[in-house]
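Hello,

Here is the structure we talked about handing over. Please open it before reading on.

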Amino acid sequence: MEPGEIYSHKGKKLEDHLLRTAAIAYKMADYVGIALGREEQEAFLLHDLAKAHPLFQRRLAGEHIRFGHAEPSAALIFARTGSLICAEAVRRHHTALENLTDIKRFWGNYNYNKWKDTVKRLPWWPGAARIEREMGGGISRWLDLLPEEEQWEDLIFSGVELYHPDGIEEEMAADWLKLRLLYSLLVAADRLEAVGGDVANVVLAIDKAKLDKYISSLRGRKLAQWRSRVMEEVVANALNIIKEPGVYTLTLPTGAGKTLTGLQAAMEVAGNLKAASIIYVLPFVSLVEQNAAVARELFAAVMEDHHLSYTNQMADEGAEDQDPNRRFLAFYRYWQEPVIVTTLAKLWEVLFSPRANDTMSFHRLSRAIVILDEPQSIPATCWQGFGKMLTLLSERLGTTFILMTATQPGLATGQELVPRPVVFPTVRHEFHWQKSRMSLEEAADFLVGRGALTSDCLIVLNTREAALRMYLAMKKRGAEPFFLSAWLTPVHREEIFRVLKEKEQKGEPRCLIATQVIEAGIDLDFAMVFRDLGPMDSIVQVAGRCNRNAGRQRGQVYIAELVDENGRSYASYIYDSTLINQTRNVLREHFDERDCGEIIKDYFSAVQAAVKESDLWRNIREGRWGEYIDLYVEKRPDEVMLVVDDEAEGEGERLQDLLTVICSPLGSEDKNNLKAVEKRRRAFREITRHAISVPKKYLEEWYQREGGMIYGREEPCIRELFPYLWLVQGEGIGRIYRRETGFVPVKIAALIEEDDHD
């Protein structure tokens, strides 16, 4: 470091960081059409000014000194601009947003004299003049920004104590949006500049030739002509209807080609709306890859964003030498590309999480077209609040939402893009509700009696243990079933799906037993489907795998309520009783595909009337901006990650290397080193392709049963690496974890061993 210079990071001059961060934020805002006032611009310019303090400079030089730079910087911005929003964005840009009551408490108790002493010690170094010029001049020292104590008290009173005393909903929502936008821009620009990157705003390019080529490649498939006609009608209608940002619905039956229809509709209206990006949101990680592949056929630049998506991008030998922008995108999952394919869980974080790094893509929603695929997967308690959020963003940010599903839950009032109700040329399947409860053994006999051993059959259960028991029951009855659940690693799930698809293409019969991982978007086709009682929309989604392409005689869908050995419904283990009760109310003993629209409409209306609305929107309108309502019920606290070291794949040595990276503690230097932290994260992401989440008690049961049994020379077949991380290897493969069924609890393993013995 050069004598007399002031630094923000090691080797980076403070004035360079401040000016470049501001410039990057301006570019980001301009790209998505956000107009920045002078207040926001000065917030970017001064966000790290207190890093000039001698204590922070000594810390950068290696001394173990704690000095909080964000608060005094934020106070200077508050004094300079009078904007509480700007001050809060800066004060919390390394942590998370707070509730309005906490914000008021902080500023109401802020120590003026301590702050004044801090500002007095900020030097006026040579580079400071560059910042001063950018601010418009008139400053010869940083003390010039400091108001007198009386002025400060007046500012606190008017800017904090009198802030929205009545909690007016419209004003509170507008200020929440303003804070979140500014916060998003500052956090993204600050992080990007810190790693030496810059904005690479890629224009959303529509290539009609690529679209025509891709559609041509689909011709010849079953129902291709019908799907093409539906798509043309919907896209033409969308062009007539979508003249401005808003909330729209696109309701098509499962198997009608919603993915391509939705993407083409977004493409066609993007130019008229001057859209900056298209964001395709899917309910499950398992669907992202296949839909991202479709998007890549249509667009030049597509970013696939979920927690597993960066492993392949960064696992090559040159990952350590990646350019700063690519490292930034991978590390922070920032939505820089014009087309994003992501999950609902990630969108939820971007919208509602108070954590700084989660919010940095929020501004990318401005002037975006957001396709929400299967929006009914949002918990019913959040429908009303989420719908209000969509309306707010469409009105204030020019965001266009397309809610795309076969079963619209009524999240928000939106104009339908499908010009007339679409039904398949033929009725593909019919439903049969078995009113009498069944045990798993009774259900297995029921299925065998209806031809499950000789035709294509999909059996969907509500819990993984129930699915494993059904797997054994069907094997006893002569079936050779396949199995899919979240207890299989992603690598093995992909392999099983590949085999199932190959058999389907060859016309070979298959019996698949699965949990809800099969429900939406999975392109498999069966003659018969059995579904344990679940929410009505889940039943309809599973039915979408029955005679999916209308290439068979009418398929049969059976619904029954399965109970365990104690008579408890398996549905009660995972679903809210309201959803199950309303499903029972709308189910008919016999109906077919044509009746689903009416039944689903009645079901969603009943659910919405019965559930208690969450605090999702109330938190925003009442200033609880630091609260976070998670999208899904949190995992049980005892759920840990189990890594499967399957040497049969030749992966054993590679996995051990990755585990070494994960298990090695980071040194104090590494914690602030993006390369070191990213190496650890990359290893973790790659490991997750060979890992599953399992209740800890199940793993402890196996460990006690095996008694720490050693395989080879030194290593036990199951062991705990950390409280959150376990490893199964050696003889544990084939017993604790099986390639065909995944993890097996001890009590189920005993049944499997009995079956193997017989």
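Below is what was found in it, grouped by region.

First, a caution: this is a predicted model.

The sheet

An open sheet of seven strands runs in the order β5-β6-β4-β7-β8-β3-β9, with parallel pairing. Its edge strands are β5 (302–305) and β9 (415–416), and each pairs on one side only. β5 is joined to β6 (residues 339–343) by four bridges. Met303 has Ile340 in β6 as its bridge partner. Helix α13 (residues 258–273) lies across β3 (247–251), β4 (277–282), β7 (368–373) and β8 (400–405). Relative to β7, α13 runs at about 165°.

His69

Look at the loop between α3 (54–60) and α4 (70–81), where His69 is found. Is His69 buried or exposed? His69 has a relative accessible area of 10%, and the cut-off for buried is under 20%, so His69 counts as buried. The His69 side chain makes a polar contact with the side chain of Asp48, at 3.1 Å. Leaving out residues up to four places away in sequence, His69 touches Asp48, Ala50, Lys51, Phe56, His93 and His94.

Helix α24

Helix α24 covers residues 577–586. Buried residues in α24 include Thr578, Leu579, Ile580 and Val586. The buried residues of α24 pack against α23 (536–543) and α25 (596–610). At the start of α24, a side-chain oxygen of Asp576 comes to within 2.7 Å of the backbone nitrogen of Thr578.

Aromatic rings

The count is 29 aromatic pairs. One of them is Trp487 with Tyr698, edge-to-face, at 6.0 Å centre to centre and 70° between the planes. Trp487 sits in the loop between β12 (482–484) and α22 (490–506), and Tyr698 in helix α29 (residues 696–706), so this pair ties together parts that are 211 residues apart in sequence. Tyr698 also pairs with Phe743; these rings are stacked, at 6.4 Å centre to centre and 15° between the planes. Phe743 belongs to strand β24 (residues 742–743) and Tyr698 to α29, so the parts tied together here are 45 residues apart in sequence. Trp487 and Tyr698 are buried. Phe743 is buried too.

Elsewhere, ring pairs link Phe78, Phe106, Trp107, Tyr110, Tyr112, Trp115 and Trp152 into a cluster. The charged end of Arg91 sits over the ring of Phe106, 3.9 Å from the ring centre. Arg428 has its charged end over the ring of Phe424, 3.5 Å from the centre.

Best wishes

How values were computed. Residues numbered from 1 in each chain as written. Predicted model: local features only at pLDDT ≥ 70, side-chain atom pairs only at ≥ 80, totals over all residues. Heavy atoms only, no water. Pairing = 2+ DSSP bridges. Helix = DSSP H or I, 4+ residues; strand = E, 2+ residues; numbered from the N terminus. Contact = heavy atoms within 4.5 Å. Axes fitted to C-alpha atoms, helices over the stretch in contact; angles between N-to-C directions. Buried < 20%, exposed > 50% of the residue type's maximum accessible area, 1.4 Å probe, protein only. Polar contact = N/O pair within 3.5 Å; in protein donor to acceptor, adjacent residues only side chain to side chain. Phe/Tyr/Trp six-rings, centres within 6.5 Å; stacked < 30°, edge-to-face > 60°. Lys NZ or Arg CZ within 6 Å of the ring centre and 35° of its normal.
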